[in-house]
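Subject: Structure handover

Hi,

Here is the structure for your files. My notes on the sheets and helices follow below it.

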Amino acid sequence: MAMLEVSHLEKHFGDTQVLKDINFTLEQGRSLAIIGSSGSGKTTLLRCLNFLESPDSGTIQVDGQLLLDGSVKTRVSDGEVRKKRLKFGLVFQNFNLFPQYTALENVMLAGQLLAKERPDFKRRKKEIFAEIRSRAEDLLTQVGLQDRMGNYPDQLSGGQQQRVAIARALALDPDILCFDEPTSALDPELTGEVLRVIRSLSERHMTMIIVTHEMAFARDVADEVMFMDGGVIVERGPAHQVIEHPQEERTKLFLSHYSAS
């Protein structure tokens, strides 16, 4: 059974329908790249998966657990939303780091806040915080920032800030890691260092959804590519097939504007 199952997902903003009957599955350990023009619904889809937007209809399941039923309009508590969000990690385009915290503190922060809800927190606070710190240090080392842990965001390059954001997303051990155009805010010379980190996660079989305009990266790193246009899934298949031999005319037209060399 697929790890992620999205069925009949739809979303409107006013009179504009931005997601139209979205259906797909993603197996554990696989990576899916989503491509398409601006306004095609890619980011809205990620925001629905991460419970930053509420779809009008449809369902989202992870490992058979129903996380969202868009037909049910009852109010969900903030605590329940937080629990559901833990299934997903989201790396934003513009890093969204807290400027008043160091790289290490940014990676530790969410874990520290969640730890306060644990029934054994008061008794084991020092031990729990030490575990969170050790995990954050390991993650920053994994993304090549072992010598930048004490730096504040304004002391880091854009590529370094994005790698901190990736470590922060990984800190809570999400089932699925999502990237929303992770290199779009970077100078070209800094793009490679972020893509190398994502590539290493793919090699370790992290389940990922990557919205990207990097066609060569989508082809070479993702297991599958999904092309969206006008709020619908136009084409989906093995990455090399979709990028190099698209079947749908809309996909061919979109890819004619990009080089995947």
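In which sense do strand E3 and strand E8 pair, and over how many bridges? Strand E3 (residues 31-35) and strand E8 (residues 208-211) pair in the parallel sense, over four bridges. Leu32 has Ile209 in E8 as its bridge partner. Two strands count as paired if DSSP finds at least two bridges between them. Helices (H or I, at least four residues) and strands (E, at least two) are DSSP runs, numbered from the N terminus.

Some ground rules. This is a predicted model, where local features need pLDDT of at least 70, side-chain atom pairs count only at pLDDT 80 or more, and totals for chains, interfaces and linings use all residues. Residues are numbered from 1 along each chain as its sequence is written, and side-chain values use heavy atoms, with hydrogens and water left out.

Six-stranded sheet

The sheet is open, has mixed pairing and runs in the order E6-E7-E8-E3-E9-E10. Strand E6 (88-91) and strand E10 (232-238) are its edge strands, and each pairs on one side only. From one strand to the next, the twist averages 20°. Axes are lines fitted to C-alpha atoms, for helices over the stretch in contact; angles run from 0 to 180 degrees between N-to-C directions.

Helices H3 and H5

Helix H5 (residues 158-170) lies across E6 and strand E7 (176-180), at about 170° to E6. Helix H3 (residues 103-115) packs with H5 at an angle of about 25°, and their axes are 8 Å apart. H3 is therefore roughly parallel to H5 (the term covers angles under 35 degrees). Ala103, Asn106 and Val107 of H3 make the contact with Val164, Ala167 and Arg168 of H5. Contact means heavy atoms within 4.5 Å.

Four-stranded sheet

This second sheet is also open, with the order E2-E1-E4-E5 and antiparallel pairing. Strand E2 (16-26) and strand E5 (65-69) are at the edges with a single partner strand each, so one side of each has no neighbour in the sheet. Neighbouring strands here are turned by 20° against each other on average, direction ignored. Strand E1 (residues 4-13) pairs with E2 in the antiparallel sense over seven bridges. Lys11 stands opposite Leu19 in E2. Helix H1 (residues 42-49) packs on this sheet and touches E1, E2 and strand E4 (57-62). The direction of H1 makes about 65° with that of E2.

Best wishes

Key. Parallel < 35°, antiparallel > 145°, perpendicular 65-115°, else oblique.
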